[in-house]
Amino acid sequence: MIVAFAVLPVVLITLLIGVRGVAAMRTTSDFLVASRRISPVLNSAAVSGEYLSAASFLGVAGMVVKDGIGALWYPVGFTAGYVAMLALVAAPMRRSGALTVPDFAEARLGSSALRRLTAIAVLVIGVVYLVPQFRTAGLVLSAVSGTPYWVGVVIAGAAVSVTLALGGMRAATYVQAFQFVLKLVLLVVPAIWLLATVGAGVRHEAVHPVEFTHFAHDTPVTFELDVTLTMREPTPIRDADGVSQVYPPGELPVGTGTRLVFPAGAPVPEANGGRLPGAPGWERPLLDVDGYPLLGTLSVVIATVLGTMGLPHVIMRFHTTPDGRSARRTAAFTVCLLSVFYLVPGIYGTLGKVLVPQLYLTGATDTAVVALPSQVDTGGAGTTFTALLTAGAFAAFLATSLGLLLVISGATAHDLMSGGLRTLRTTVLVTAAVVVLLALPAAPLDADVLVTWAFTVAAATFCPLLVLGIWWPRLTAVGAIAGVLTGLVTVSASILLALFGPPLPGWLAVLVARPAPWAVPLAFAVMIAVSSRGRPPSWARAAMLRLHLGERVPAQPGS
Amino acid sequence: MLLPLAGLLGFLCGVAVLFRFVPALDHLRLLGIPLSWLMLGALPFPVMVGFALWQLRRAERLEDEA
């Protein structure tokens with residue numbers, strides 16, 4: 001029921017705005033960048049609306065519950081990325097006149113091989129970023145309504161692809177500006193209600209965290225995924241039939257769909273070998289990975305700040321403004337809007353640690369935000385706020401997925417296949433289907449791993465390509481290809497090794513799981529070294545002038 | 001040209017280093033909330049808005065002079 005009330009309106013309004021956009025759309029350019037007439041304020045709301053994904057709406061709070069206060073570095077990095085974008089790429093990128101990043105690469109360096117390679121990088125970043133969005137949509141819908149995980153994933157995929165195939169980017173601009181406002185309201189209002197309702201005891205415990213070692217009350221836990229629990233001491237557990245049993249210390253595999261009740265006072269088992277929420281170090285404001293807090297934190301900051309600049313769907317947004325100046329203003333306004341939004345997820349995270357720490361057992365901490373209202377109020381108010389937060393989460397999912405699907409389809413249809421509007425529409429549907437299929441087995445993967453992966457790939461491919469392409473006249477096509485290829489291969493190989501390879505010791509593990517600190521400088525170095533040996537294209541100087549000369553500003557009297 | 005961006009990155013690294021070597025910040029409290037939580041969860045956002053507006057003004061002024 002909650003799903004119907006929460007999700008249907010969001011999808012219907014999205015579709016409605018999408019369909020209204022169709023009348024105004026005739027060419028590929030209309031579809032992709034809304035004919036470039038969007039004002040900076042509207043566009044920055046759309047950028048924020050698109051950017052604030054399920055990872056921001058739900059994931060940050062979930063990471064706080066699971067890993068601690070240090071997870072708040074993610075939103076800081078997500079926001080700081082727009083200052084880098086403002087300083088380095090926004091205006092020149094817009095002035096280049098190119099429609100997409102692959103377009104920019106070809107116009108600047110005149111290589112169709114580079115164009116195809118950047119299109120492939122767009123595909124990799126887009127898919128790696130889309131999978132956690134679909135995964136979170138599936139988890140949230142199953143948490144609030146009890147539907148199986150795959151139902152949520154399929155509903156999500158259908159809603160996104162139909163909207164986009166009907167309306168394109170013009171629709172996406174208005175949909176996303178609207179969804180920024182929607183997400184902000186749907187996150188802020190329930191947060192105020194929660195803070196007012198939880199009572200002084202919970203508020204006190206939220207800022208004085210204690211380790212979650214024993215269940216405070218009878219706690220039912222439904223496992224959506226396979227989990228291995230490790231008992232430290234004899235643990236009483238009631239199964240679905242109400243039969244109580246005391247399990248001895250040791251491991252207990254729990255299958256998908258199992259429902260267990262932990263009685264009040266029972267010790268909390270460890271799940272999949274992780275730390276308990278609130279364990280010593282949880283309250284530290286650093287991302288402590290394997291005992292290297294400073295390295296772990298800075299590698300996330302580097303990946304998110306430089307990766308934002310290279311996210312292809314965000315870059316494309318800057319082409320919808322009239323000129324370079326307004327593209328830069330869009331980036332500045334976006335920092336302001338994101339700064340308001342990102343003050344809130346920490347509240348959900350700290351309250352979630354007190355009220356729903358058991359989510360840690362099922363690996364579903366990403367659902368902490370939507371699980372909170374029912375813990376505070378079991379009546380109508382709780383249900384209402386659960387529905388509102390679910391709607392906000394779905395809006396977050398929908399907005400990000402619209403932009404990502406568009407950019408993946410654009411790369412495939414426009415850059416790899418050079419098709420027209422019809423090809424683009426078909427590609428949208430095919431891409432959505434592929435991502436749904438990839439998201440189905442992705443439920444056990446942590447959202448932060450996938451998001452870090454996408455950001456790091458972007459930071460090690462498009463960031464050097466754009467920064468050097470815009471600021472260094474001597475860049476050559478061969479150098480750019482070598483650098484992008486280096487970034488793409490090393491980052492992906494490194495993260496796959498961290499996911500599926502043998503466990504590594506100490507700082508090596510940090511650098512393999514979060515390769516930004518070495519992979520980004522490596523990509524820059526390769527690009528510069530290879531370019532230095534070649535000859536830059538003859539039009540490089542002219543291209544640089546075009547990127548950096550401001551639009552004619554009307555002469556001011558006396559200036 | 002890139003002074004504001006460099007300043008922001010310096011600020012963020014400085015905060016991380018501070019957290020690492022001054023754990024006492026976790027125990028000082030403002031309105032009951034640990035100071036280090038506020039320095040990560042709230043302080044960077046107004047600071048980033050300031051750096052963004054500074055960077056914007058600087059870029060536009062350079063452009064107008066050109």
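1. The second largest pocket of this predicted model is lined by 27 residues, with A:Ala143, A:Pro220, A:Thr222, A:Leu359 and A:Ala371 nearest its centre. Elements giving two or more residues to this lining include helix H8 (112-145), strand S1 (219-222) and helix H17 (380-416) of chain A. A pocket is an open set of points on a 1 Å grid over the protein atoms alone, where a 1.4 Å probe fits, with protein on both sides within 12 Å along at least five of seven lines; lining residues have an atom within 4 Å of a point. Helices (H or I, at least four residues) and strands (E, at least two) are DSSP runs.

2. Local features need pLDDT of at least 70 and side-chain atom pairs count only at pLDDT 80 or more, whereas totals for chains, interfaces and linings use all residues. Residues are numbered from 1 along each chain, chains are lettered from A, and side-chain values use heavy atoms.

3. Ten salt bridges (a side-chain nitrogen of Lys or Arg within 4 Å of a carboxyl oxygen of Asp or Glu) are found over all chains. A:Arg135 pairs with A:Asp366 at 3.1 Å between the closest N and O atoms. This pair links distant parts of the chain, 231 residues apart. Both A:Arg135 and A:Asp366 are buried (under 20% relative accessible area, 1.4 Å probe, protein chains only).

4. A:Arg284 counts as buried because its relative accessibility is 19%, and B:Asp26 is buried at 6%. A further network of salt bridges links A:Arg325, A:Arg329, B:Glu60 and B:Asp64.

Note on methods
Buried means under 20% relative accessible area, exposed over 50%, partly exposed in between (1.4 Å probe, protein chains only).
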